[in-house]
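Thanks for asking me to look this over. Here are my notes, in the order I would read them with the model open.

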Amino acid sequence: MALSTYGLLIGRIVGSRPQQGGHPHWLLMVAPSTEGHPAYRVAVNLQSTDPSGPPEVQYQVIEDAETNGRPGLQALIAKLKAMGGATNSFLVEPGLPALDFVRGDIVDPAAFQANDAGANPLKDAFEAALNEAVAADETAGAMIAVFGTGYPVNPSTQRSPSTGYTGVDNIHMNQGARNTTGQNSYFVENGPNQDGGLIFLLPSGVKAFFVKFQTQTLDTDVNGNPTTTGIPQIDTLTPQVKALVNADPAVQAAIAAQGAPVAPNTNPKGYVFADPGPDDVTGQFIVDNDNGAFATPFVKSYASGQTQGPVPTPRGYPTMQLSDVVGANPKGYVPGANAGDGTIAFDVIGDSGAAKQNSLPGETAVGDLIAQFAGASPPAFLFHVGDVVYYYGEEQFYYGQFANVFKDYPAPIFAIPGNHDGLVYNDTMVSLSAFQAAFCAETPGRWEGFGGVLRSTMTQPGVYFTLDAPLVSIVGLYSNCGESLGYVDQPQLTFLHSELTRLKAQKANDGRAVLLAIHHIPRWFPGMSDPTSAALDAVCNDVGFWPDAVIVGHAHLYQRIIRQVGGRNIPYLVVGCGGYGIEPAQEEGKKYVATLPKAMSAEYNQEGFVRATVARSGGQTKLTFDFHSTKSPATVTDTCSVDLATGALVS
């Protein structure tokens with residue numbers, strides 16, 4: 001989100017004060033040319049907040065910048081000199097000169113250096129320039145150009161209050177901040193053409209000062225957001241995976257078939273109700289009854305897939321061991337007599353959030369059933385495939401829609417977000433904030449979003465990750481906020497490639513089951529592909545390894561569709577029947593499914609959950625899914641088993 005108060009101040013330094021009390025900012029008083037205009041307070045960051053810690057500040061000082069600067073900087077200096085003292089206040093308006101460290105040819109990306117503890121060459125150079133500016137009389141023409149944001153800000157307009165701005169801050173790079181799981185939210189201020197800096201126009205020449213933070217990257221996209229994760233295992237492999245995905249004929253065909261975005265259809269009031277993107281299988285957009293917020297252009301841009309929500313960067317390479325949560329021998333896992341043999345059971349659920357009172361009995365019934373079943377036959381864990389909380393994943397609804405419903409469930413609960421977990425309805429909200437608090441905490445503990453329920457927060461390394469457990473690994477991806485189609489960004493595609501490569505070798509060694517979890521079903525049905533679905537297939541094809549099963553949500557029903565790849569049968573299970581409600585019209589791939597033999601598909605418009613079992617004995621592994629419905633809790637409503645050695649369906 002761009003900084004709405006970004007602008008330019010040109011004036012004379014009429015006062016200054018060094019850092020005090022450990023504060024990292026040096027204060028300048030800069031007066032514009034208008035006689036009698038109050039001076040602006042300008043806060044300049046010259047050192048790290050914690051001098052005893054690793055250096056946070058990186059900088060470039062360009063001496064005699066009019067000669068030694070890059071072409072973009074030289075052109076900018078010429079504009080500033082032409083403006084001279086013409087600006088009579090801090091200006092925030094289109095057409096003014098602006099700084100962009102990435103696109104403006106202003107800085108040398110490789111020349112930023114750390115401001116280490118001890119000697120502070122940035123401060124020394126700044127003080128020299130400051131002293132010359134202060135010493136110069138008015139006839140010498142010493143000026144300073146300040147790029148940054150004005151403050152204070154009127155919270156209702158995000159502009160200056162009626163009294164005007166009194167100061168300038170954010171005099172540093174304002175893009176490239178990563179959206180890292182569980183960390184600060186500086187990334188919401190990312191944007192192009194809004195970097196901060198100081199340019200001294202001195203009698204002896206022009207000196208430019210540019211600062212960024214160590215956590216910011218210069219590898220950004222057109223919106224100022226990072227194009228890398230900072231995780232070497234993902235970033236080093238990204239060019240290879242990106243190239244293979246872009247070159248894949250199926251991906252190109254899907255992109256061509258999708259076409260350009262269609263302008264939203266609006267009613268006379270300016271609200272959008274129809275899906276301007278590709279239709280889902282019903283051919284119509286499914287409208288949530290959320291008092292009109294969903295119908296606003298802001299929300300519809302996300303729901304239609306025209307705007308993608310941010311994807312937080314994980315804390316390190318995102319794999320986790322079940323044993324780190326429950327120990328080496330969790331309930332639900334029974335080792336076999338021979339090494340490598342055994343059985344593990346776990347549960348799968350999706351779309352459990354009940355946002356309306358009339359939906360709550362359905363969710364409660366599922367919660368009661370899965371807890372009762374777990375009490376009689378303990379699972380190792382529950383994996384939730386998204387839409388934990390409707391409609392916008394807000395903290396205040398976690399108690400009623402999640403914590404209280406599953407308060408009796410006796411095992412860990414892991415989750416990937418669904419579209420409603422990430423969706424927001426205004427630009428002050430931080431997408432996935434509550435989801436990360438509930439499932440991606442750095443350490444387990446109580447969370448006020450769970451109310452009085454004592455279940456601790458889960459410690460996933462990110463919103464996309466792999467869970468490694470005995471006999472099974474689940475790769476979970478976040479498919480963003482679209483209501484019809486999913487979207488998986490490049491870092492996740494690279495992560496998937498890396499994980500499938502790793503798990504291909506591990507499965508060859510120990511015979512484990514490998515599952516892919518994603519909220520939106522990959523649309524592999526004939527004639528129904530899309531760019532993300534084709535990209536997922538491209539990754540699997542390149543690795544030469546496909547998951548043994550795919551578990552999804554989003555559609556509010558239970559459905560099983562068998563996909564055949566290279567002679568292997570791969571179950572795709574839609575488990576969006578966790579309590580939000582049943583919507584038969586959301587059946588996936590209806591026309592294609594109608595052509596399949598009975599054994600290759602099943603559909604039940606009933607709420608419930610899936611119990612999965614992986615059993616290995618004598619070198620053979622069998623993966624089984626049993627659907628348990630609230631309508632017939634005493635029996636298994638649907639079952640499917642696959643021999644993982646041959647890929648054959650078995651009884």
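This is a predicted model: local features need pLDDT of at least 70, side-chain atom pairs count only at pLDDT 80 or more; totals for chains, interfaces and linings use all residues.

1. Residues are numbered from 1 along each chain as its sequence is written, and side-chain values use heavy atoms, with hydrogens and water left out.

2. Start with helix α14, residues 531-543. Helices (H or I, at least four residues) and strands (E, at least two) are DSSP runs, numbered from the N terminus. At 1.5 Å a residue, the 13 residues of α14 should span 18 Å, and the end C-alpha atoms are 18 Å apart, which agrees. The expected span is 1.5 Å times one less than the number of residues.

3. At the start of α14, a side-chain oxygen of Asp 530 comes within 3.1 Å of the backbone nitrogen of Thr 532. Just after the helix, Gly 544 has a positive phi of about 75°.

4. Eleven of the 13 residues of α14 are buried (under 20% relative accessible area, 1.4 Å probe, protein chains only). Among them are Leu 536, Val 539 and Val 543.

5. Now the sheet: eight strands form an open, mixed sheet in the order β10-β15-β16-β17-β18-β20-β19-β21. Strands pair if DSSP finds at least two bridges between them. β10 (319-321) and β21 (601-604) each have a single partner strand, so one side of each is left without a neighbour in the sheet.

6. Within the sheet, β19 (residues 558-565) and β20 (residues 568-575) run antiparallel, joined by eight bridges. Gln 564 stands opposite Asn 569 in β20.

Definitions and conventions: Buried means under 20% relative accessible area, exposed over 50%, partly exposed in between (1.4 Å probe, protein chains only). A polar contact is a pair of N or O atoms within 3.5 Å; within protein, one must be able to donate a hydrogen and the other to accept it, and residues adjacent in sequence count only if both atoms are side-chain atoms.
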